Amino acid sequence: MNKAVFFKSITAVALASFIIYFATLNFLSTFRLDDDNLYYLLSGLVSHTPDSFKSTFHTLLSCVQVTENGDTEASFVSRLDLRYNYIWNYTLLSWVWNGVFSVLPHASGTSAFDSAAFIGTFQIAQIMTILAAICLISFGRNSVERLMIFAVAAVVCAALAGMHAGGDRLTTGDRLLSVKFVLSAHQNFNIFNFAPRGLSALLLLAACTWRWQGNYRIFYAVLAVLGFVHQSNATLIVFTFLGMDALFRPRIFTDRLTLVLCGISAACIILREELTQIVGLGVLALVLAAFISLAVASYWLDPFGRAARLLERISIPVPPGSLSDIVIITMTWLGSMSVLKFVMAKGYVDQFSGRYVFFQLHSRYGSLFLAVVIAGIALFIYRLAAKWQWSKAAVCLIVAAAAVVQVGVALYKERPAPESQMIADMQTGLLALNQTTSSYWARPNRLFGRDEEQIFYYSQIALLLGHEIPSMPETACAATAQ
């Protein structure tokens, strides 16, 4: 094994260990027995049998009276509608969750499933995704460069996450608070989180390291896969990069494979994106049509190509692709606040749509691209340093030292309860939830609002796993048996 291969292997292993360590800290701090995580498990259980989900969902819903009680943020009916349709939003992850959960011993006599299997399912799936991302950037030419900028982004995101204050809360229209929220790398939204939004951000970071080396085939292949990891995040990502490339780099679409991969992403948006319920299918189709028209016009007129050649003739350096990408991403994110405030002031969207768009297209957009922006800046600095062998070595040592320091700080500051304690506490919580669910179905009048959503998903899981809950409506049990 030559020195280059050895260095690359050591770097990849160290990077994977660093990310898994902080992902574990994040997991122990954020994983809860709540409606979101029960919903993720439910999506895994129905990944092979979509009809069983439909039948149990509608049957249980027919046995309750939907209300707006609880912290609904907006319309609970609209939330239920989105939840119903979003169950296949995480297709690829749902299959992974299903596979891991089925292998782990998950039977429990006191609850629908065992807490160790519940926790292990998401931990193992996250580690598998992290290793896939590291493998993606570790092979092929210039892999050391990809590993280094990925490492810088990971170290900086870990440092920023340590600055997050638990009391930070988003408020629609508060620009400064939104900036703080994004830059502090909230533990539920950064690349170390186990949920689909965190995993999609991690894979996007890996894809961008290939993009900035000029390999658009791999970049758009990963974006096509992201449509089956988190469709809503993938829509934001695809629209962002398709718009940029249609305007500035239309010639990349002359490559047939790249064009096919873009077509797959566009088809996923049209066929799978439930955001169409808010903005409408026509709007999404119009945006895609605008991108196509923009790409054709930019290809024939080539305004930016001409400008670049003019700058080269007068000896003015053209900004690298990574910097132009992060400038456009940052400007888009900052400008989205003004657009949102305008459409809400004009009454173009209702309360539910306004809050949804705020979280999805502004705050989560910023969190989703935070690591990418950091990596783009890191690439620019790394390539400046790479002109000399000693400076490249210095950069590698600085990154390694920063990673060690960050691990030391985390060991000192972050001391979440051990996993064994989490398993025991969650098993107790599952037992309590099982009893609460049984008591709920024993009521003559069953009001179903935001506060009962956890009960609703737990009931579906119990039916799918064949766990008997006393007082469960007979119609629901019969529908599952069929």
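How are H1 and H7 oriented to each other, roughly parallel or roughly perpendicular? I would like to work towards that question this morning, keeping in mind that what we have here is a predicted model.

If we take the contacts between residues at least 6 apart in sequence, 80% of them join residues at least 24 apart.

Now to the pair of helices. Two packed helices are described by the angle between their axes and the distance between the axes. For helix H1, residues 3-30, and helix H7, residues 143-161, the axes come within 10 Å and cross at roughly 25 degrees. Angles under 35 degrees count as roughly parallel, and H1 and H7 are therefore roughly parallel to each other; their crossing is left-handed.

As for the residues involved, H1 contributes Phe 7, Lys 8, Thr 11, Ala 12, Leu 15, Phe 18, Ile 19 and Phe 22, which meet Ser 143, Val 144, Leu 147, Met 148, Phe 150, Ala 151, Ala 154, Val 155 and Ala 158 in H7. Sorted by class, this contact has 14 nonpolar, 2 polar and 1 charged residues. In general, an α-helix has 3.6 residues a turn, so residues three or four places apart point the same way.

Let me finish with helix H3, residues 50-61, where the length can be checked: at 1.5 Å a residue its 12 residues should span 16 Å, and because the end C-alpha atoms lie 17 Å apart, the two values agree. The buried residues of H3 are Phe 53, Thr 56, Phe 57, Thr 59 and Leu 60.

How values were computed: Residues numbered from 1 in each chain as written. Predicted model: local features only at pLDDT ≥ 70, side-chain atom pairs only at ≥ 80, totals over all residues. Heavy atoms only, no water. Helix = DSSP H or I, 4+ residues; strand = E, 2+ residues; numbered from the N terminus. Expected span 1.5 Å × (residues − 1). Buried < 20%, exposed > 50% of the residue type's maximum accessible area, 1.4 Å probe, protein only. Axes fitted to C-alpha atoms, helices over the stretch in contact; angles between N-to-C directions. Parallel < 35°, antiparallel > 145°, perpendicular 65-115°, else oblique. Left-handed = near helix turned anticlockwise from the far one by under 90°. Contact = heavy atoms within 4.5 Å. Nonpolar A, V, L, I, M, F, W, Y, C, P; charged D, E, K, R; others polar.
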